[in-house]
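Hi,

Here is the structure I promised to pass on to you. Have a look at it first, and then read my notes below with the picture open.

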Amino acid sequence: MVFQTCPLACRVPYNPGSARRSRHGARQERLVFTKWIGIDLGTANCLVYVKGKGIVLNEPSVVALSVNDNRIVAIGNEARNMLGRTPGTIQVVRPMRDGVIADYMITEAMLRYFMQKVTGGFRLSKPQVMICVPAGVTSVEQWAVRDAAEQAGARKPAHLIPEPLAAAIGARIPIGSPAGNMVVDIGGGTTEAAVISMYGIVVSQSVRVAGNKLDDAIAAYIKRKHNLVIGSRTAEEVKVTIGSALPLHDNPAMEVRGRDQLTGLPKTVVVHSWEVTQALAEPLSQIVAAVRSVLEATPPELASDVIDRGMVLTGGGALLRNIDRLLAQETGVPCHVAHEPEKCVAIGAGLALEHLDVLRRSLPTDDEPLAAMGVTA
Ligand SMILES: Nc1ncnc2c1ncn2[C@@H]1O[C@H](COP(=O)(O)OP(=O)(O)OP(=O)(O)O)[C@@H](O)[C@H]1O
Ligand SMILES: [Mg+2]
């Protein structure tokens, strides 16, 4: 039998294909029909990782509701396509805000729908679920996520994992080693920076500035400079198409359509990349400040490891052009973008289920919420 190196560097023989593994979740493995599911319940997107299959679902955290009877009309991709295009009788909402549940009932319905989609509805036993929460979560917010997952069909207890820890595991950072590993997860609602050593978060900082705030800054800039009112979807499209954290040499441009603020009529303007860079400067400075504050609070031995290894960027926001260069420039610490950064948290949550024994002391429980574990917002 060939044992591989454990992705978490925990030095225990690890054979992912074996049904009879040593400490790695042997107990759970006997339940052949149980699915192991890692969920990234994000502000912008919900991703589901199933053991042995990888990422099986990646849909926007969006729900469309009928206003008259509060009935759910659509969830995920279908609901997102309705954003800004619905009649008065349908309302499109995002039940997650800033990484936490803003509307409990809708979040639960959305989770149930996604979980049924991946388990196929018919189950002999409930799936074992690991779901991520921001590091700065309160015990009430933490309880809401666990309860929503259980109500949606997860086996009790649904496990929770701080997002930076899941991101680091998903980025294949060897967090079991006694060395400082830094991860910065830039999502839609929150940016979380953390230094991790020996499976635990040593220092962390969570700010409610991420992809959505970047979109808002672009929309505000275009309104101010071009008198053009655009929606959040268009602002995001501008960010993804020509956005950059630092000026681009070729300064690409694109046509942006919206409503003229003065005449109220539809209008098209040409926006250049350098304008987007200018618009993003302020929210990006807040992200830089959060990363710097984590570095400043990191104990010296771990800080020297971080300088050697560099920080790893995860989350959809890490796909913004040159954000790694900006962070490296502003902090003096090398910066790398993880492979498929938007998937790291979900993959990490799923992998964490396979390493519950070694991770347990770093995971929040009802008795010991994250705040009591020294993880700070
Ligand atoms: N190519 C890209 N360039 C810039 N930003 C991008 C790109 N692709 C995705 N994003 C942004 O990434 C964000 C979504 O990232 P992600 O899915 O990691 O967020 P989330 O996990 O749902 O949010 P959170 O972790 O804050 O709860 C969105 O704001 C989206 O606009
Ligand atoms: Mg996220």
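Over which residues does pLDDT stay under 50? That stretch is residues 10–32, and the model has 32 contacts for it beyond four places in sequence. Where pLDDT is low, the predicted coordinates should not be read in detail. For the protein as a whole, pLDDT averages 88, and 86% of the residues score at least 70.

**The overall picture**

The protein has 377 residues, and 46% of them count as buried. Its secondary structure comes to 12 helices and 18 strands. If you take the contacts with a separation of 6 or more, 65% of them are between residues 24 or more positions apart.

In soluble globular proteins, nonpolar side chains tend to be buried together. Here the largest nonpolar core has 100 residues, and I131, V183, I218 and A349 have the most contacts inside it. Helix α11, residues 344–353, gives this core its largest share, eight residues. To see how such a residue sits among others, pick I131: leaving out residues up to four places away in sequence, I131 touches I39, L41, V145, A149, A158, L160 and A349. Notice that A349, another of the residues with the most contacts in the core, is on that list.

**Around ligand 1**

How many residues surround ligand 1? There are 23, and the closest are G42, A44, G187, G211 and G316. The shell divides into 14 polar, five nonpolar and four charged residues. Two helices, α6 (211–226) and α7 (232–242), each supply at least two residues of the shell. The largest share, three residues, comes from α7.

Helix α3 covers residues 104–119, which makes 16 residues. From its first C-alpha to its last, α3 reaches 22 Å, close to the 22 Å expected at 1.5 Å a residue. The buried residues in α3 are I106, T107, E108, M110, L111, F114 and M115. Just after the helix, G120 takes a positive phi of about 80 degrees.

Now find A148, which sits in helix α4 (residues 139–151). Is A148 buried or exposed? A148 counts as buried because it has 24 C-beta neighbours inside 10 Å, and the cut-off for buried is 20 or more. Not counting residues up to four places away in sequence, A148 touches I101, Y104, T107, E108 and L111.

In the loop between β8 (100–101) and α3 you will find D103. D103 has 16 other C-beta atoms within 10 Å, so it is partly exposed. Among residues beyond four places away in sequence, D103 touches V93 and P95. From D103 to V93 there are 10 residues in sequence and 9.3 Å in space, C-alpha to C-alpha.

**A few backbone details to look up**

- K156 and P157 are joined by a cis peptide bond, with omega at about -10 degrees. P157 belongs to the loop between α4 and β10 (159–162).
- R172 is not a glycine, but has a positive phi of about 60 degrees. You will find R172 in the loop between α5 (163–170) and β11 (181–186), and it is partly exposed because 17 other C-beta atoms lie within 10 Å of its own.
- N322 is not a glycine either, and its phi is positive at about 65 degrees. N322 lies in the loop between β17 (311–314) and α10 (323–331). With 16 C-beta neighbours inside 10 Å, N322 counts as partly exposed.

**One last residue**

R360 is in the segment after α12 (356–359). Why does R360 count as exposed? R360 has 12 other C-beta atoms within 10 Å, and a residue with 12 or fewer is exposed. R360 and I161 are 199 residues apart in sequence, while the distance between their C-alpha atoms is 9.5 Å.

Enjoy exploring, and write back with any questions!

Best wishes

Notes:
Residues are numbered from 1 along each chain as its sequence is written. Chains are lettered from A and ligands numbered from 1 in the order in which they are written. A nonpolar core is a set of buried Ala, Val, Leu, Ile, Met, Phe, Trp, Tyr and Cys residues joined through C-beta atoms within 7 Å. Helices (H or I, at least four residues) and strands (E, at least two) are DSSP runs, numbered from the N terminus. Two residues are in contact if their C-beta atoms, placed from the backbone, lie within 7 Å. pLDDT is the predictor's confidence in each residue, from 0 to 100. A residue is near a molecule or strand if its C-beta atom, placed from the backbone, lies within 6 Å of it. Ala, Val, Leu, Ile, Met, Phe, Trp, Tyr, Cys and Pro count as nonpolar, Asp, Glu, Lys and Arg as charged, and the others, Gly among them, as polar. The expected span of a helix is 1.5 Å times one less than its number of residues.
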